[in-house]
Amino acid sequence: MNDSLTVRDNRTGQEYDVPIENGAVRGADLGKIKDGEGSPLAVYDPGFVNTASCKSAVTYIDGDQGILEYRGYPIEQLAEKSTFLEVAYLLVHGELPTKTQYETWVHDITYHTFVHENVKSFMEGFRYDAHPMGMLLASVGALSTFYPDARDINDDEIRQLQIVRMIAKMPTLGAWSFRHAQGKPFVYPDNELGYTANFLSMLFKMSEDRFAADERLVKALDVLFILHADHEQNCSTNAVRSIGSSQVDPYSAVAGGVAALYGPLHGGANEAVLRMLRRIGKKENVSDFIDGVKNGDERLMGFGHRVYKNYDPRAKIIKKACDDVFEVTGVNPLLEIAMELEKIALEDDYFVSRKLYPNVDFYSGLIYEAFQFPPEMFTVLFAIGRTPGWLAQWLELVQDKEQKIARPKQIYTGHRTLEFTPASERWA
Ligand SMILES: CC(C)(COP(=O)(O)OP(=O)(O)OC[C@H]1O[C@@H](n2cnc3c(N)ncnc32)[C@H](O)[C@@H]1OP(=O)(O)O)[C@@H](O)C(=O)NCCC(=O)NCCS
């Protein structure tokens, strides 16, 4: 088989042989196809629907079959048998740790959970009702000013140190953003606790000596972090890579990822799911709501995905985690509405023909609410989970010799060569 594409340009009658590598043609090769005036052919692809921006060995997704693997390991096995920190190691280093490597990794992350006291003072300076995600994105970005060595992105040892620092400090920044809005004092990390238990302690501890979270809740949150840890070239990862391609420090690049995640079509969807479920109010209203979606009046939030055209494998695991969490906290009454929505939608031709299935956000909001997180915190939790993925992708980017500064083309549709008249004459 000849791995190439023969293209005949009907504008010029010219024929071109374009090589196909890994199921893709290079944009630069298409650029060799020129019109009569010598302008190169470009690809117009808003939202990068069919454009690969990089080669990556981090995460594999088969959207049609509902498969998600980190470094080759199926998400179902990792969620059941691994821990978030082991998964973080796997993502960043590309393989599972030995016992010693794991112990060193956990130790290093545990001992980098503290932040400089100045970070605390500037976080206290936010308005009393600041959105925690705004606080998180500002404070992660600000870490670059505390670690100016991070600018040396070509030194592997320095890069690894920033990776450990960021995975370690995200829960601290996330928890403090939460406490600030509640008017509660910030809780320092407790290095005797595991990663997720320590996060819960920084969120909820009051005057007790040690905050002891229910083990089932700790495990459920750890699983949620694992499920969110990476998702190949999604909007926020693309933002991290795009910003990182300017060779800025990783804190600034990750701050860009947090910003992208803040948007309702990305990390904010689970908050929108809860608002939607509340608006529906009771099971009996579900079918009217579905009619509204089909008429184009609204979207069924938590359904549909750019990549998954089948059940999102993460949604299946979360649905199971719901049972474990609700065993501790009692059932969230909105669950009944969610299950009815899912049942009706999965049988309805509108959703079936468009391949719209529940995504990770459909049930995650219900779990987070059971933990008593306010909706503004949901995306913060997502960001903590996604941090190792962003960093693994960033690390891959900075070591990839083929990468260049991200700079897409445009198709210019505006005016040309207008005559400028000064304001004093135009307004006369
Ligand atoms: C995730 C999402 C942005 C993907 O969008 P996309 O890949 O650009 O898909 P499109 O918007 O092109 O949708 C394709 C079709 O399905 C419809 N559709 C997509 N998601 C839908 C939803 N949640 N409810 C109703 N219809 C939906 C679109 O209206 C479109 O229909 P049309 O062909 O008749 O115009 C989109 O499905 C969505 O907005 N979902 C809700 C938000 C959400 O849960 N986001 C979290 C993602 S993890």
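Modeller: D149 has a relative accessibility of 29%, so it counts as partly exposed; buried means under 20% relative accessible area, exposed over 50%, and partly exposed in between, with a 1.4 Å probe and protein chains only. This is a predicted model, in which local features need pLDDT of at least 70 and side-chain atom pairs count only at pLDDT 80 or more, while totals for chains, interfaces and linings use all residues. Residues are numbered from 1 along each chain as its sequence is written, and side-chain values use heavy atoms, with hydrogens and water left out.

The structure contains 22 salt bridges, a salt bridge being a side-chain nitrogen of Lys or Arg within 4 Å of a carboxyl oxygen of Asp or Glu. One of them joins the side chains of D149 and R165, at 3.7 Å from N to O. D149 sits in the loop between α6 (132–146) and α7 (156–182) and R165 in helix α7, so the pair ties together parts that are 16 residues apart in sequence. Helices here are DSSP runs (H or I, at least four residues), numbered from the N terminus. R165 is buried because its relative accessible area is 12%.

A second pair is R278 and E369, whose closest N and O atoms are 2.0 Å apart. This pair links distant parts of the chain, with R278 in helix α12 and E369 in helix α17 (residues 361–370), 91 residues apart. R278 has 43% relative accessibility and so counts as partly exposed; E369, at 22%, also counts as partly exposed.

Elsewhere, salt bridges that share partners join E21, R26, K55 and E402 into one network.

As for the ligand, R299, L300, G302, R306 and N359 come nearest among the 16 residues around it, where a residue is near if one of its heavy atoms lies within 4 Å. This shell divides into 8 nonpolar, 4 polar and 4 charged residues; Ala, Val, Leu, Ile, Met, Phe, Trp, Tyr, Cys and Pro count as nonpolar, Asp, Glu, Lys and Arg as charged, and the others, Gly among them, as polar. A polar side-chain atom of R354 lies 3.0 Å from an oxygen atom of the ligand.

Methods: Polar contact = N/O pair within 3.5 Å; in protein donor to acceptor, adjacent residues only side chain to side chain. Helix = DSSP H or I, 4+ residues; strand = E, 2+ residues; numbered from the N terminus.
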